[in-house]
Amino acid sequence: MAATDATDATDNATDARDAFAEVSAPGRVAAPDEGIGHEELALAARNHGLPLEALRYDVTPPGLHYILVHYDIPAADADTWTLKVHGRVRTPLTLDLATLRALPRVTHRVTMECAGNGRARLSPRPVSQPWLVEAVGTADWTGVPLRTLLAEAGVEPDAVEAVFTGADHGVERGVEQDYARSLTLADATAAAPGPEVLVAYEMNGAPLPPQHGYPVRLIVPGWYGMAHVKWLTDIELTDTPFTGFQQSVAYRFRQSPDETGEPVTRIAPRALMIPPGFPDFMSRTRVVRPGPVRLEGRAWSGRAPVTKVEVSADDGASWQTAELAAPESGPWSWRHWHTPWTATPGRHVLTVRATDAEGAAQPLTQPWNRGGFANNEVQRIPVVCQ
């Protein structure tokens, strides 16, 4: 009987994929010299990155923080919303927002970056959300530590993962799904100052905006944005690893479509510069005047603290070390850096790179992967001094 059920489930999944074949294409890589297409433009219109001049803010205003919405922003009513904690627990929980807000709260300042940041700069280009370098933001997230809820529920000894499901529903590469991701039990229950996972209901001291997961979302410090499940409705403790689409198909490092690949997890080191001077409208080439120019920006890593930022005014031919601010906002937030530069007439390419405490540094050229993930190649800013 079990074998029959498994066969039926496989047949149903195949039928579903066949039904979606005309509307949900498999992942692909752009052909040589293929420009950004209509579908990518539609994604870019829905999702937006951080204007780089907004790097001046220690905490990103919600409207400037990057956004990636996989499907639709779901309609949510805080008065009827509930979060279920169930599965391999002794006491299943159903929490409404008032109950959640009555629990002891914490606030963590966390820099979040999309795993696909930099994808559009790859060649050949993976066809998806066409990020350049702006898919990042830093916010103060307030909520309840996930470990508090799991302790109240009483995790069974055989539990190995926590699976998080959001209210956003769609189809991707032929698979109809609610957006869902998992963490190992060790990651899910980490305590501060480690990457303490939050069930968050406030961003920068106010209720979450709809596009950022209202009324409740997950915050996983140090991890790329795919782990921070928005519009969170369900936490299930399981005794086997989760194999859903977003875990086992999407967000994997692959060179070819038939590879299993390695999972995308923590944020690779990156530094970004506030573009100096003023821009040309179309090319974004910067214009500066001769003389002293203050170069500054932010640097972060989800793997280890950033320990060095270097700046080049000649596209990486030579480097000078920038001054790096103290990590006053905690281990999971970006750090400010700055350095002086004397601009001389002519054309320059400004470049910045970060190195973290594990010795990982941004590459000058980016190794390629089929999903366009974790592309932390150095930022380059063309500048004309006149």
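Seven bridges join β21 to β22, and the two strands run antiparallel.

Me: What kind of model is this, and which conventions apply to it?

Reply: This is a predicted model, in which local features need pLDDT of at least 70, side-chain atom pairs count only at pLDDT 80 or more, and totals for chains, interfaces and linings use all residues. Residues are numbered from 1 along each chain as its sequence is written, and side-chain values use heavy atoms, with hydrogens and water left out.

Me: How many helices and strands does the protein have, and what is its radius of gyration?

Reply: Helices (H or I, at least four residues) and strands (E, at least two) are DSSP runs, numbered from the N terminus. The protein comes to six helices and 22 strands. The radius of gyration is taken over C-alpha atoms, and the globule rule is 2.2 Å times the number of residues to the power 0.38. The value for the protein is 22 Å, close to the 21 Å that the rule gives for 386 residues, so the protein is as compact as a globular protein of that length. Along the principal axes, the C-alpha atoms fill a box of roughly 75 × 50 × 35 Å. Among contacts between residues at least 6 apart in sequence, 73% join residues at least 24 apart.

Me: In what order do the strands of the open sheet stand?

Reply: Strands of a sheet pair through backbone hydrogen bonds, either parallel or antiparallel. By the criterion used here, two strands pair if DSSP finds at least two bridges between them. Six strands form an open sheet in the order β14-β15-β22-β21-β17-β18, with mixed pairing. β14 (278-279) and β18 (320-321) stand at the edges with a single partner strand each, so one side of each has no neighbour in the sheet.

Me: Which residues stand opposite each other in these pairings?

Reply: β15 (residues 286-288) pairs with β22 (residues 379-385) in the parallel sense over three bridges. Within β22, C385 is the bridge partner of V288, and V383 is that of R286. C385 also stands opposite G346. β17 (residues 306-312) pairs with β21 in the antiparallel sense over six bridges, with E310 opposite R353.

Me: Are β21 and β22 buried or exposed?

Reply: Buried means under 20% relative accessible area, exposed over 50%, and partly exposed in between (1.4 Å probe, protein chains only). Of the 386 residues, 49% count as buried. Eight of the eleven residues of β21 (residues 346-356) are buried, so this strand is largely enclosed by the rest of the structure. Five of the seven residues of β22 are buried, so β22 is also largely enclosed.

Me: How many aromatic pairs are there?

Reply: Rings of Phe, Tyr and Trp (its six-membered ring) pair if their centres lie within 6.5 Å; planes under 30 degrees apart count as stacked, over 60 as edge-to-face and the rest as tilted. The count comes to three. Among them, Y66 and W131 are edge-to-face, at 6.0 Å centre to centre and 85° between the planes. Y66 lies in the loop between α2 (38-46) and β1 (82-87), and W131 in the loop between β3 (106-113) and β4 (136-145), 65 residues apart. Both Y66 and W131 are buried. W300 and W334 have ring centres 6.0 Å apart and planes at 55°, so their pair is tilted.

Me: Where is R303 found, and which residues does it contact?

Reply: R303 is found in the loop between β16 and β17. At 39% relative accessibility, R303 counts as partly exposed. Leaving aside neighbours within four places in sequence, R303 is in contact with R266, I267, A268, D356 and E358.

Methods:
Contact = heavy atoms within 4.5 Å.
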